[in-house]
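Hi,

Here is the model I promised to pass on.

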Amino acid sequence: MTGFGVLAYGLIAVISVAAAFAALWLFSRTGLHPAAPRDIPDDSVSLLFDGDHVLSASEAAMRLFEIEDIQDGPEWIAILAHLRPRFPAIPRSVQEALSDAPTDIPANGRNDPASLRLRNVRGRLQIELIDPKRSTTVDRHRGIVQSQELRAIASASNLFPHPIWLSRGDGTLSWANDTYGDLSQRAGLPAIRGEPALPAFDINLPDDQQSITTRAVLETGGKEQANWFDVTKIRSGRNSFLSFAIDVNAVVEAEIAQHRFVQTLTKTFAQLSTGLAIFDRNRQLALFNPALIDLTALPADFLSSRPNMLSFFDRLRESRMMPEPKNYATWRQHIADLVIAASDGRYHETWSLPSGLTYRVTGRPHPDGAIAILIEDISAEISLTRRFRSQLDMGQAVIDTLDEAIAVFTSSGALTFSNAAFRNLWKLDPDNSFAEMTLQDATRQWKTMAASTPFWARLDGFVTGSGNREEWFSDITLKDGTPVECRVTPIGGGATLVGFRLHPVLETGNAPATPG
């Protein structure tokens, strides 16, 4: 539910119940009960109880309490619900009322002279409503109109999907809608006028406040059936309170899911070897992980104080954990450019630190204008790359000292390696070639410098084919008459080494020469 929806429901609840409470107050001023039919005569309202059941009732009582058949008359608890709002001191049970009889119970209203007379008639309880104040025609008409309006408001309140109720200063109910009654029944507590409100909803409103809102949980069948509500309590009159509760189960479930997700992310971030710093839309540090402290040596209290990006990078510069800017006057502009580049994911730098460490620093945009800075120690990777490159350079230097011209082709025919003798013999320079040199490119050059021979076709089939992969030899003759020994040797990964040596072919027992 959106915030607007909750507010709308709350406003409807406040307006509806405030109107109902106002109508109740007006009825108390005129001496009429809101449940009374519009045509109640001025005769006595009297009821006789046999135990908890109505034994007999006057015609006025029949109309007042809407009793159609005395045989199916209401029990004491139903009559109690009608009378308690006007006579809150009425006993809660017939037995208690009989023990108090005879007695007169005054009405609660300040200007209401009515009273409720209780008598013990041979062990049965008789209740008589005494109202010395006669209503005028205007008062009766006004009461009837207000009664109709109150019924309409009560019907609308009962259709409202959230609990609404009125309570007194002592926490007892004076009115509640049907939703409250259903919820109270599910919680196993009666929703009866004069009874205490649901304990979960009985929140304390300080004397210096007009309203208060808090979150409460109501168990309706154990902890596995907990219902969450945002409960609002508002002063309504001298000693009365209007309350309503908005179901926020979906909100609470979302908050719990979010909390668990954040916990999972936090644990994951804590185990990362990459330093992570997330800056919010105001460019203040909002989140960091332990690896950031290890990599940058920045104090935890400094990071916890939520520094901005400029302070963060300036502190890195001071601790020599990032390259020293050549011109400090342009330092702020450098950070500003960094923020812009990180905002669209373009920031990527390699920091070579005075300590010999090498960091890869990356900036990535995050939702809601946030920026994530990732710092990764690639010192081992750089060292390994440099060592590997050094070994390659040394290997190349060694191969370049050989007098045999060597070239290596992949199974697809791409030239991947050659030495200086090869480049000098065939006048080829693969390293400076615009495109990748292939066996076909090399063959075209070879054919221009050597006499016609079937060696080139056989070599093409051997390099790109999947047949016999045994070493073989052949010889060719350059156009200037120089004989060349050719060696074709399969190597790992399906590659083929081709060697050319400028001297007559030597007879070998293991690999006889194939004549050109």
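**What I found**

The protein's secondary structure comes to 15 helices and 20 strands; helices (H or I, at least four residues) and strands (E, at least two) are DSSP runs, numbered from the N terminus. Before you dig in: this is a predicted model, so to speak of local features I needed pLDDT of at least 70, and side-chain atom pairs count only at pLDDT 80 or more, while totals for chains, interfaces and linings use all residues. Residues are numbered from 1 along each chain as its sequence is written, and side-chain values use heavy atoms, with hydrogens and water left out.

**Confidence and overall numbers**

The mean pLDDT (the predictor's confidence in each residue, from 0 to 100) is 80, and 84% of the residues reach 70 or more. Over residues 1–42 the pLDDT is below 50, although this stretch has 78 contacts in the model beyond near neighbours in sequence; contact means heavy atoms within 4.5 Å. Residues 505–516 also stay under 50, and there the model has twelve contacts beyond four places in sequence. Where pLDDT is low, the predicted coordinates should not be read in detail.

Of the 516 residues, 39% are buried, meaning under 20% relative accessible area, with exposed over 50% and partly exposed in between (1.4 Å probe, protein chains only). Among contacts between residues at least 6 apart in sequence, 42% join residues at least 24 apart. The protein exposes about 28,600 Å², and carbon and sulfur atoms supply 54% of that (Shrake-Rupley method with a 1.4 Å probe; for residues, only the protein chains shown count as cover).

Five strands make an open antiparallel sheet in the order β2-β1-β5-β4-β3; two strands pair if DSSP finds at least two bridges between them. The edges are β2 and β3 (103–106), each pairing on one side only. On average, neighbouring strands here are turned by 25° against each other, direction ignored. Axes are lines fitted to C-alpha atoms, for helices over the stretch in contact, and angles run from 0 to 180 degrees between N-to-C directions. Five bridges hold the antiparallel pair β1 and β5, and Leu 47 stands opposite Ile 127 in β5.

Now look at helix α3 (residues 76–83), where Trp 76, Ile 79, Leu 80 and Leu 83 are buried. Down the axis of α3 its buried residues fall within an arc of 105°, so they line one face of the helix; the arc is that of the directions from the helix axis to the C-beta atoms. Their cover includes β1 (45–50), β2 (53–57), α4 (94–100), β4 (115–121) and β5 (124–130).

Another open sheet of five strands, with antiparallel pairing, has the order β12-β11-β15-β14-β13. Its edge strands are β12 (285–288) and β13 (348–352), each pairing on one side only. Neighbouring strands are turned by 20° against each other on average, direction ignored. β11 (residues 275–279) pairs with β12 over three bridges, antiparallel, and Phe 279 has Leu 285 in β12 as its bridge partner. Helix α10 (residues 309–318) packs on this sheet, touching β11, β13 and β15 (371–377), with its direction at about 150° to that of β11.

**β8, β9 and β10**

Nine bridges join β8 (residues 211–219) to β9 (residues 226–235), running antiparallel, with Glu 219 opposite Ala 226 in β9. β9 is also joined to β10 (residues 240–247), antiparallel, by seven bridges. β9 and β10 form a hairpin with four residues between them, and Gly 237 in the turn has a positive phi of about 100°.

Cheers
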